[in-house]
Amino acid sequence: MNQQPYLVHLALRLAEGLEQYSASDLEKHRTFIRSQQQPDGGFSGREGGSDLYYSGFAVRSLGILGGLEPGEAESISGYLRGFTLETLSTIDLLSWLYCALIVQASGGEDLLSSAPENWNVRVSERLETLRTQDGGYAKSEQGALGSTYHSFLIVLVYQLIGLEVPAPNRLIQFLYDMQRDDGGFVEIAPMKRSGTNPTAAAVATLLILDAMDDELKADVRDFLNQVKSAEGGFQANTRIPFADGLSTFTGLLTAQDLGLQDMIDPNQVMKFMQEWLEFPTGGFRGASWDEQADVEYTFYGLGVLALLGKQVKPPE
C-alpha cells in the first residue's frame, strides 16, 4: 500500500478529465455547489444545515473543478475545526480528513498541525474496534458482519493517516467471500444478489491491496454487462430497472480501472448524463425520476464527465 492515496490519485485523474470541457460548462456546477455552502462554512444536503458527509462531496467537487479559493478554504477550515476526530464515524472521519487535505493543498491551514504526535495510531485503534470475525470491517462496533463498503472506507482512511491496514490478507479473503456467482460482490455476507456499488468498492480495495487477477476481472466484466442500462448508465443491481448517477460513476470507474473500456459506449453514457441527470443551471440529480440536485450527485455527475473527458468530444 505504499502508493499515492487512492482518493488523491482519483482527484487528479478527474481534474485532468474535466480540463476537456469549457470553463462555462463547469462554472455553473461550481456556482451550484457554492450555493449549498452554509454560514458556518459547511455544505448542506437536501435537508438543510451543514453536514460533514455532504461537505466532503462539495469540497471534492470544488477540488476537481480547480481547487478552493482562499476564502473558501478559510471558511471550510472554520467548519472543520468544530469537530473532534475521536468522535467521528468512519465515513465522517474520511470526509473530515479529505476536506482537511484539500484545504491544505489549496494553500489553507494545516488542520492537523496541533494534533497529538500519535493521533493516527489512536485513530487506527478506533478503526480496529470495527474489525469483524469475517475479516472485514463493520459500520459500527455493534455490527457482527463485515461491510464491503465500510471496509473500503477504512482502507481509504488508513491511506490518509499514513498507516498500513493490519492483517491485509484477512481483508482480502473477506472480499473474496463477498463475491457471488453473477461475478459481482455483495455488501454483507447473507446477501445473494450483487450490487454495482459493493462491486466497485471491492474492486477498488483489491486493487489497492494488489489482490486483483485476470479471473476476477473477467467475472466483474460479466457482472457489469448485466447491470448496463439501455439508457446508457449503470443500474444499482439487476432488479432495479433504471440507471442512476452513483452506479454510473462507480460502474464506469470500475470498468476503466480494470481495463474494460471496450464494454462501454462513452457517447451513450454521456447522452444519459446530459439529457437525464444534468441540470442546465448547474448540479446533477440522482436519477431520471429525481427532482432535485445535490452536492453528492453533482460530484458523481462531474466524475462521469471527467472519466469520459478524453473519450467523448464535448458539445460545442
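Colleague: Why is Ala167 called partly exposed?

Modeller: Its relative accessible area is 36%. Buried means under 20% relative accessible area, exposed means over 50%, and partly exposed is in between, with a 1.4 Å probe and protein chains only. So 36% makes Ala167 partly exposed. Before we go on: this is a predicted model, where local features need pLDDT of at least 70 and side-chain atom pairs count only at pLDDT 80 or more, while totals for chains, interfaces and linings use all residues. Residues are numbered from 1 along each chain as its sequence is written, and side-chain values use heavy atoms, with hydrogens and water left out.

Colleague: Where is Ala167, and what is its phi?

Modeller: Ala167 is in the loop between H7 and helix H8 (168–177). Its phi is positive, about 45 degrees, although Ala167 is not a glycine. Helices here are DSSP runs of H or I with at least four residues, strands are E runs of at least two, and the numbering starts from the N terminus.

Colleague: And what makes Asp210 buried or exposed?

Modeller: Asp210 has a relative accessible area of 72%, so it lands in the exposed class. Asp210 is in the loop between helix H9 (196–208) and helix H10 (214–227). Asp210 also has a positive phi, about 60 degrees, without being a glycine.

Colleague: Why is His150 called buried?

Modeller: The value for His150 is 9%, so it counts as buried. His150 is in helix H7 (residues 148–161). Leaving out residues up to four places away in sequence, His150 touches Tyr137, Ala138, Lys139 and Glu187; a contact means heavy atoms within 4.5 Å.

Colleague: How do you know that the side chains of Ser124 and Tyr158 are joined by a polar contact?

Modeller: The value for that pair is 2.9 Å. A polar contact is a pair of N or O atoms within 3.5 Å; within protein, one must be able to donate a hydrogen and the other to accept it, and residues adjacent in sequence count only if both atoms are side-chain atoms. So the pair at 2.9 Å qualifies. Ser124 is in helix H6 and is buried at 13% relative accessibility. Beyond its neighbours within four places in sequence, Ser124 is in contact with Tyr158, Ile161 and Leu163.

Colleague: What about Glu109: which side chain does it meet in a polar contact?

Modeller: Arg81, at 2.2 Å. Glu109 is in the loop between helix H5 (90–105) and helix H6 (119–128), and at 35% relative accessibility it is partly exposed. Apart from residues up to four places away in sequence, Glu109 touches Ser77, Arg81, Val103 and Gln104. Glu109 and Glu74 are 35 residues apart in sequence, with their C-alpha atoms 7.8 Å apart.

Colleague: Zooming out, how many helices and strands does the protein chain have, and why is it called as compact as a globular protein of that length?

Modeller: The protein chain has 13 helices and two strands.

Colleague: What share of the residues counts as buried?

Modeller: 54% of the 316 residues of the protein chain. The C-alpha atoms fill a box of roughly 50 × 50 × 35 Å along the principal axes.
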